[in-house]
Amino acid sequence: MARHLTRTLLSGITLAAMLGIATVSSHAATLHMAWSQDATGLDPHKQTAFSSLRLLELIYEPLVRVDASLQIIPAIATSWEFSKDGKELTFKLDPKAKFQDGAAVTSADVKASFERILDEKTGAAARANFLSIASIDTPDAATVVFHLSQPDAPILTAMSDVNAAIVPAGEIKAGSIGTKALGSGPFKLDKWDPNAKEVLSANKDWAGGATGVDGIEISVLPDEAAILAAMRTKQIDFALLNDPLVATLVPKESSLQLNRVPVLAYHVLQLNPSRKPMTELKVRQAISCAIDRQEVLDTASLGEGKVTGPLTIPALATDPSQLFCYKRDVEKAKKLMQEAGYADGFSATVIGATGEPPTAAAEAQVIQSQLAEIGVKLDIKMMELNVYVDAWLKGDFDMAIALNGGRADPYTMYNRYWTKAGNLQKVANYIDDTLDSQMQQGRAETDPAKRKAIFAAFEKHLTEMSPWIWLYTSYSYTAQQKNIAGFVPTPIGTLFSLSKVTIQQ
Amino acid sequence: MNYLMRRLATFPLVLLGVSILVFVAIRMVPGDSITAMLGTEAGLLTPAQRDSLAAYFGTDQPWFVQYWRWIGGILHGNLGISVTYGRPVLDVILERFPLTLELAVLSMVIALAAGMPAGIYAATHNEKLSDLGVRIAAMIGQSTPSFVLGLLIIYTLSAGFGVLPAMGEFAPLWQDPLRNLSQLILPAITLGFAFAASVTRISRSAMLDVLSDDYVRTARSKGASARSVIWRHALPNALIPVVTLSGIEFGYLLGGAVIVEQIYALPGLGRMVLDAIQQRDYALVQGSVLFIALNFMIVNLLVDLAYVALDPRIRLGES
């Protein structure tokens, strides 16, 4: 045994020497990080890709942030207040807040940033969340007043997103947002080589205090199995993982730690209620009753997640067992199909994006076999992500396997689908008066208990109407060496706490 | 010489054809730069916002205007600007190309160094046990996908020995040759493995053919040594199919080895094109496909010229 070990060690060392490989973690004050998908751009108002947001929130700051329990906490603004009628929102800015070039963050920057988001020429997707802003006043350099056309409780949560980041007014004027990253956040971007590498260094002027590391180097390693291999050899200190199959291997390595946290994004089977026979309520309900959500989760995602209803925000979510047909009932499903006139079933196509999420194909296969029991013959069509997005946005599908993003507020999360004026009504293809009025009530209500009751009713009604079949929420995974301390995973997936992470020797 | 001029004269025509093909093909794929950037959030844009973004990406003009501008730019040596990198397409390509070229050369060297001796050995030991062994090994090499071999190497090294070449930051050859070689040797072995298997099989069968030719028999009967028969008489003629195979394979490798570059996180041409397609970076896709096509044509031409060098009886361009 000892001889075998010696031989293994020796051959390892020889191999290392041959390959000229460093086996020790390099410079301690730099965090070496890896992810499989790189950011796609630097304009915080235009980027919506997960990696872009994770990078940009280390460089830029919004007015407020949400913490791990999704409570609003200060960022550039130290305090905020709604007027009694809910139509005025006043922020006091942190006098210490500075951009990375040393200039103070003033109310003029805040005003210019929101005007840029609202300007249609910018093409900011988050604009839809800020349409209630009628005007912005800046009584002094440290005070900003938003005048709203109607009470809008969720606007504060929407402002916590990096898509509502405050950028320097001067850079907007110069047209350099997106080509130059100049924010007020904890790190400066020194170098970006797209799809290969990012180099960040600590912003010494950051109002949040000193960062725990001198810098972060992010490597893009497209294969997650290779990320894990690089972590085993201590080349990488911290990594973002998407694939549950890879993530579950992390705890098997004694020097590594897996952080996992349930996220707000949800896996869902979207039915298209504008296409026959999904136009029939009973057919949709039959599909809902025929699907065993736990089995989908167990098979496609190794049980890594939690069955969910439409609301994934822990403080507002209803216990799934209380929702319509969350316990599989094939007999009921068959009866519903018969009543709808489809006793013999029907054929339909389900679309999914290859690798996005990594579990998409497996989910479709489990659902295919479950629905076969009630006579529904599903044809699975997997597509490249962009092709899928194109079909999805046009509502050009019978059914779609999707992983849709969540938000810290249910109105911001769902108004795009389940209101009459929702921008993505043509994707949802279903709306009724009850859903629309519940959403409008939820938007105007500021009392937390009343809001909770409104959204509970919304969730119950939505699952009964079954336009979509919500399946489960998964975990967001980060893997780290055990000598990395201070990282706090959150349901929105932010890596902002890397600002306080330290590397212990 | 005439032949060379004539071949070179066809280059612009072929490139024109390739340019039309790639221009139309990438635009026929559903999805555009806007959905690539915003994903499903693109659905939240108003028509005015969409128009403004299309103008930014240069996709607001009709196809023929876009094509005309692009071709006009190429004639002035300008392949356009990549929207992902915010830099001229040619700069981005030339930055990635050295790695791809080096990887292609290295894997070819490995393939030829391992494959040719194995093939010749098998041919000279025809139908013996050792020949069977080489043939089985070659069959395994050809049928092992590069991603399986690549992941196997990475897994074995990292889990078994706790070592792995540094990934993520690639060191160019002229900056740090040792580190560069350490990063490229495993990908080159991964690529060279299947390539070596093909070389083995083709050099074995070419050698067998040649060894049964009359002139070889004559050489033998004149008392030439076995070594001299193989190396002086048979090998030069057996090389022609090997050169053809290597040329084609090398041409492919110059287009980038997507899977191996993905697994080993190498910033080569293949990964760049794949990312560019996914992000619908039209200028970059078009520019790099043209560049790859040009490389392929040059390699093909060199292969043809190599035939003449190997066999003086071959006259190129004569009917």
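Before judging a helix span, I noted that the expected span is 1.5 Å times one less than the number of residues. I also kept in mind that this is a predicted model.

**Entry: helix α8(B).** I took α8(B), residues 177-211 of chain B. At 1.5 Å a residue, a straight helix of 35 residues would span 51 Å, but α8(B) spans only 42 Å between its end C-alpha atoms. I then looked for a bend and found a kink of about 35 degrees in α8(B), centred on B:Gly192. Next I checked burial: 25 of the 35 residues of α8(B) are buried, so this helix is largely enclosed by the rest of the structure.

**Entry: where chain B meets chain A.** I found 49 residues of chain B in contact with 48 residues of chain A. Which helix gives the largest share of the side of chain B that touches chain A? That is α7(B), with six residues. By type, I noted 26 nonpolar, 17 polar and six charged residues on the side of chain B that touches chain A.

**Entry: confidence.** For chain B I read a mean pLDDT of 87, with 98% of its residues at 70 or more. Within chain B, helix α9 (residues 214-221) has the lowest confidence, at a mean of 82, and helix α5 (residues 89-124) has the highest, at 92. For the complex, the predictor gives an ipTM of 0.82 and a pTM of 0.85.

Definitions and conventions
Residues numbered from 1 in each chain as written. Chains lettered and ligands numbered in written order. Predicted model: local features only at pLDDT ≥ 70, side-chain atom pairs only at ≥ 80, totals over all residues. Contact = placed C-beta atoms within 7 Å. Helix = DSSP H or I, 4+ residues; strand = E, 2+ residues; numbered from the N terminus. Nonpolar A, V, L, I, M, F, W, Y, C, P; charged D, E, K, R; others polar. pLDDT = per-residue confidence, 0-100. Bend = angle between axes of the 7 residues up to and from the residue. Buried ≥ 20, exposed ≤ 12 C-beta atoms within 10 Å, placed from the backbone.
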